[in-house]
Amino acid sequence: MPTHQVHHRTLTVRGLDVYYREAGPADAPVLLLLHGFPSSSHMFRDLIPLLADRYRVIAPDHIGFGRSAAPDPSAFRYTFDELAAVTDEFTQLLGLERYALYIQDYGAPIGLRLALAHPDRVTAIVTQNGNAYEEGLGAEAWAPVLALIEKRTPQNEAAVREICTPDGVRWQYLHGVPDASLVSPDSYEHDSARLARPGQTGIQLDLISDYGANFALYPAFHAYFRDSRVPLLAVWGAHDEIFVPEGALAFRRDLPEAEIHLLPTGHFALETHADQIAGLMRDFLGRRLPAS
């Protein structure tokens, strides 16, 4: 059976179904792909087959996203600490003792929490618009989110709800993309359909309200970079106004050998540059994380 075939599986973690995509040889170095808001492992559908000949690629859906369980907020605390804890248990149940991280958007604070908890397990980091620095926050895009973090009022919630509408999701996919015809409508329509499920508004507002907890961890993330000297590749949509390119360049402050590539696209760079990103990853990981 060709190793590039993708398997679609479910693992139970804390009584919750965690859906994930997996491809590649079982004994190959592991790549753990962690998606962002408002997507799921669906965002990696083009990337996984491009890497699975050389790596064991695993991409879970976070709780509340994609095809994973989405319990009511009264039954599950939607915080980044909790999402990271579930992801940590997921990796342990799969027996992943070492893995490289691909982090995008929400995947960054989730993945970097794993790195803080288990620095010896993380072999490398690929960050694609996965932020860890204050200068990476686009001022206009973050204004309503910062207001909600500061004070959760009905008025501030209403402004953030716009991000979750079909128009808001479509903007995240198309803004900054020079040729929008390269972005499949399936991508943002898929995300919008998942966001339209009952209970999603409360889930997303809880998580967005908790984003300030990530800012508090930035100094710890930076110390981890300096102490671990983890190999890091930034492949960043340069036209992203959510996580702006200054966030990519900032990694060199703590990791002077970080390799940074600014690509002429937006927040969801894989929609237009999957082939190029896969090539950069294969080169980077081939040098810094030789395949067995």
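A residue is called buried when its relative accessible area is under 20%. In this predicted model, that cut-off can be applied at once to strand S4, which spans residues 56–60. Five of the five residues of S4 are buried, so the strand is largely enclosed by the rest of the structure.

Strand S3 runs parallel to S4, and three bridges join the two. Here Val 30 is the residue that stands opposite Arg 56.

These strands belong to an open sheet of eight strands, in the order S1-S2-S4-S3-S5-S6-S7-S8, and the pairing is mixed. Strand S1 (7–13) and strand S8 (259–263) stand at the edges; each has a single partner strand, so one side of each is left without a neighbour in the sheet. From one strand to the next, the twist averages 20°. The partner of S1 is S2 (residues 16–23), and these two pair in the antiparallel sense over seven bridges. One example is Arg 9, whose bridge partner in S2 is Tyr 20.

Helix H3 (residues 107–117) lies across strand S3 (30–34), strand S5 (99–103) and S6, and runs at about 155° to S5. Helix H12 lies across S3, S5, S6, strand S7 (232–237) and S8, and runs at about 170° to S8.

The interior may be considered next. In soluble globular proteins, nonpolar side chains tend to be buried together. In this model the largest nonpolar core has 98 residues, of which Leu 47, Ile 125, Phe 225 and Met 281 touch the most other members. Helix H12 gives the most to this core, with eight residues. Leaving aside neighbours within four places in sequence, Met 281 is in contact with several residues, including Leu 31, Leu 47, Tyr 102, Val 126 and Leu 233.

Strand S6 (residues 122–127) contains Thr 127, which is buried, with a relative accessible area of 0%. Beyond the residues up to four places away in sequence, Thr 127 touches Ile 103, Leu 232, Leu 233, Ala 234, Val 235, Trp 236 and Phe 251. The side chain of Thr 127 also reaches the backbone oxygen of Gly 130 at 2.7 Å.

The loop between S6 and helix H4 holds Asn 131. At 1% relative accessibility, Asn 131 counts as buried. A polar atom of its side chain lies 2.7 Å from the backbone oxygen of Tyr 133, and a polar contact of 3.1 Å joins the side chains of Asn 131 and Tyr 218. Among the other residues that Asn 131 touches are Ala 108, Trp 236 and Phe 243.

An α-helix has 3.6 residues a turn, so residues three or four places apart point the same way. In helix H7 (residues 185–195), the buried residues include Ser 187, Tyr 188, Asp 191, Ser 192 and Leu 195. They cover an arc of only 120° around the axis, which puts them on the same side of H7. What covers them includes helix H6 (166–174), helix H8 (200–209) and helix H12 (270–288).

Helix H5 (residues 154–161) can be read in a similar manner. Its buried residues are Asn 156, Glu 157 and Val 160. These cover an arc of only 100° around the axis, which puts them on the same side of H5. On the other side of H5, Pro 154 and Gln 155 are exposed. The cover over the buried residues of H5 includes helix H4 (139–150) and H8.

Arg 226 is partly exposed, with a relative accessible area of 41%. Although Arg 226 and Asp 254 are 28 residues apart in sequence, they are 5.3 Å apart in space, C-alpha to C-alpha. Their side chains make a polar contact of 2.8 Å.

Note on methods: Residues are numbered from 1 along each chain as its sequence is written. This is a predicted model: local features need pLDDT of at least 70, side-chain atom pairs count only at pLDDT 80 or more; totals for chains, interfaces and linings use all residues. Side-chain values use heavy atoms; hydrogens and water are left out. Buried means under 20% relative accessible area, exposed over 50%, partly exposed in between (1.4 Å probe, protein chains only). Helices (H or I, at least four residues) and strands (E, at least two) are DSSP runs, numbered from the N terminus. The arc is that of the directions from the helix axis to the C-beta atoms. Contact means heavy atoms within 4.5 Å. A polar contact is a pair of N or O atoms within 3.5 Å; within protein, one must be able to donate a hydrogen and the other to accept it, and residues adjacent in sequence count only if both atoms are side-chain atoms. Two strands pair if DSSP finds at least two bridges between them. Axes are lines fitted to C-alpha atoms, for helices over the stretch in contact, and angles run from 0 to 180 degrees between N-to-C directions. A nonpolar core is a set of buried Ala, Val, Leu, Ile, Met, Phe, Trp, Tyr and Cys residues joined through side-chain atoms within 4.5 Å.
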